[in-house]
Amino acid sequence: MDRFARQQVLPGFGKEAQEKLKHSKILVIGAGGLGCPALLYLAAAGVGTIGIMDGDMVSLSNLNRQILFGESDLGLNKAETAAHFLKSKYSDIHIDCIPEFITTENAAPVISKYDLILDGSDNFPTRYLVNDICVLLKKPLVFGAIYQNQGQVGILNAKDSNSVNYRDLFPDPPTAYEIPNCNETGVLGVLPGIIGTIQATEAIKFITGFGSTLIDKMLFYNLLDHQSYEVGLNKNPDAHLSMPNTIAEFMEVDYAVVCGNGDSINWVEAIGLLKKFPDGKLIDVREKDEAPRLKKIKHLSFPVSEIEETIGVLNSIDPVLLFCQSGIRSLKTVKILEKAFPGKKIHSISGGIEALDSPINKNYHGN
């Protein structure tokens with residue numbers, strides 16, 4: 001008896017389905033709240049090759065939902081940590097570790113190697129990027145997302161050109177500051193656990209042909225009362241208008257700008273600007289009771305709720321470098337200040353104070 005015995009005796013599954021899993025290759029983009037449970041169950045089910053792609057580092061606030069990590073993993077790369085964990089559990093599968101964020105440069109060569117893509121990302125630039133390259137490479141995509149107490153799962157781009165893709169649902173990307181992520185709205189860790197597990201379920205069913213799948217459908221789930229429902233998806237005749245038609249066109253798209261992240265810079269860039277422009281200031285737009293506080297880098301504190309009262313102080317400051325907990329509220333504040341100060345250099349720091357957990361940024365945090 002092997003470790004897949006309980007699957008193989010399941011009516012309708014059997015050894016044939018297990019062989020399909022063994023020879024399949026699935027890429028999980030994002031080893032976060034969705035990716036962690038999905039990875040656990042894909043590996044346990046015996047998917048032969050699993051790719052893990054994530055350039056982010058483990059931070060303390062991840063641990064309520066990213067169940068592959070613990071306190072000893074803080075500051076480590078998520079893809080490498082997840083790969084090490086799964087390799088220690090299962091010797092009969094192959095794990096590809098890709099410790100970097102997906103970009104227009106690396107997307108095609110990475111995704112082309114896999115049979116199925118599972119999107120565990122938590123931001124719109126990545127979702128649109130992943131969708132577009134999957135359409136161009138004709139790769140099926142298991143989509144998942146959460147918002148507060150709700151989640152959704154569907155299988156996109158699963159058949160031919162008539163299959164639904166993400167742009168059929170949302171042709172025009174919302175800007176990053178319009179829709180907050182779980183850092184701003186909160187989330188119980190079990191919700192991405194449920195949605196990520198459903199994503200893994202759909203991936204397994206799709207590969208093996210077991211049961212009915214969510215191809216061209218979206219399953220909606222509510223944590224508060226456990227109600228769920230399915231919606232059939234249709235093609236949007238305008239979806240193709242904003243999509244790249246070739247790999248060359250795809251590589252020319254700046255998805256950060258398309259999705260409203262064009263005003264974001266990272267901490268290293270921010271420190272560089274402060275050194276170059278002595279009139280520049282770093283400004284914390286979080287409320288004064290929010291933690292952790294930034295203690296070792298000189299900065300001002302103007303909560304976004306009070307920005308109208310303090311806006312005059314910014315007359316002599318240029319550039320204005322804003323940060324919050326995760327980069328969402330600071331992006332919103334950029335838009336407010338750009339109207340008040342046209343021509344002034346105003347930037348949001350991508351990832352906010354949570355991005356300081358990165359080993360690169362810790363050098364600046366400690367100075």
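## Where α2 meets α9

Ala 17, Lys 20 and Leu 21 of α2 are in contact with Ile 204, Ile 207 and Thr 208 of α9. By class, this contact holds four nonpolar residues, one polar and one charged. The structure is a predicted model.

Two packed helices are described by the angle between their axes and the distance between the axes. Here α2 spans residues 14-22 and α9 spans residues 190-208. Their axes lie 9 Å apart, at an angle of about 110 degrees. Angles of 65 to 115 degrees count as roughly perpendicular, so α2 and α9 are roughly perpendicular to each other.

## Phe 206 in α9

Helix α9 also carries Phe 206. Its relative accessibility is 23%, so Phe 206 counts as partly exposed. Buried would require a value under 20%.

Which residues does Phe 206 touch, not counting those up to four places away in sequence? They are Leu 116, Pro 140, Ile 155, Ala 158, Thr 213 and Ile 215. Phe 206 can also be placed relative to Ala 45. The two are 161 residues apart in sequence, and their C-alpha atoms are 13 Å apart in space.

## Two nonpolar cores

The largest nonpolar core has 43 residues. Within that core, Leu 39, Leu 42, Ile 50 and Ile 52 touch the most other members. Take Ile 50, leaving aside its neighbours within four places in sequence. Ile 50 then contacts Leu 39 and Leu 42, along with Ile 26, Ala 43, Ile 93, His 94, Ile 95 and Asp 96.

Another core, of 28 residues, lies apart from the largest one. Its members include Ile 98, Ile 111, Phe 124 and Leu 156.

Lys 87 sits in helix α4, which covers residues 78-89. With a relative accessibility of 48%, Lys 87 counts as partly exposed. The cut-off for exposed is over 50%.

How far apart are the C-alpha atoms of Lys 87 and Ala 43? The separation is 9.2 Å, for residues 44 apart along the chain. Ala 43 is also one of the residues in contact with Ile 50.

## Backbone points to check

Most residues other than glycine have a negative phi, and most peptide bonds are trans.

Asn 157 is not a glycine, yet has a positive phi of about 55 degrees. It is found in the loop between β6 (150-156) and α7 (166-169). At 10% relative accessibility, Asn 157 is buried. His 226 also has a positive phi, near 60 degrees. This residue lies in the loop between β7 (217-222) and β8 (228-232). His 226 is exposed, with a relative accessible area of 56%. Pro 319 belongs to the loop between α13 (307-310) and β12 (320-323).

## Confidence

The chain has an average pLDDT of 88. Of the residues, 92% score at least 70.

How values were computed:
Residues numbered from 1 in each chain as written. Predicted model: local features only at pLDDT ≥ 70, side-chain atom pairs only at ≥ 80, totals over all residues. Heavy atoms only, no water. Axes fitted to C-alpha atoms, helices over the stretch in contact; angles between N-to-C directions. Helix = DSSP H or I, 4+ residues; strand = E, 2+ residues; numbered from the N terminus. Parallel < 35°, antiparallel > 145°, perpendicular 65-115°, else oblique. Contact = heavy atoms within 4.5 Å. Nonpolar A, V, L, I, M, F, W, Y, C, P; charged D, E, K, R; others polar. Core = buried A, V, L, I, M, F, W, Y, C linked by side-chain atoms within 4.5 Å. Buried < 20%, exposed > 50% of the residue type's maximum accessible area, 1.4 Å probe, protein only. pLDDT = per-residue confidence, 0-100.
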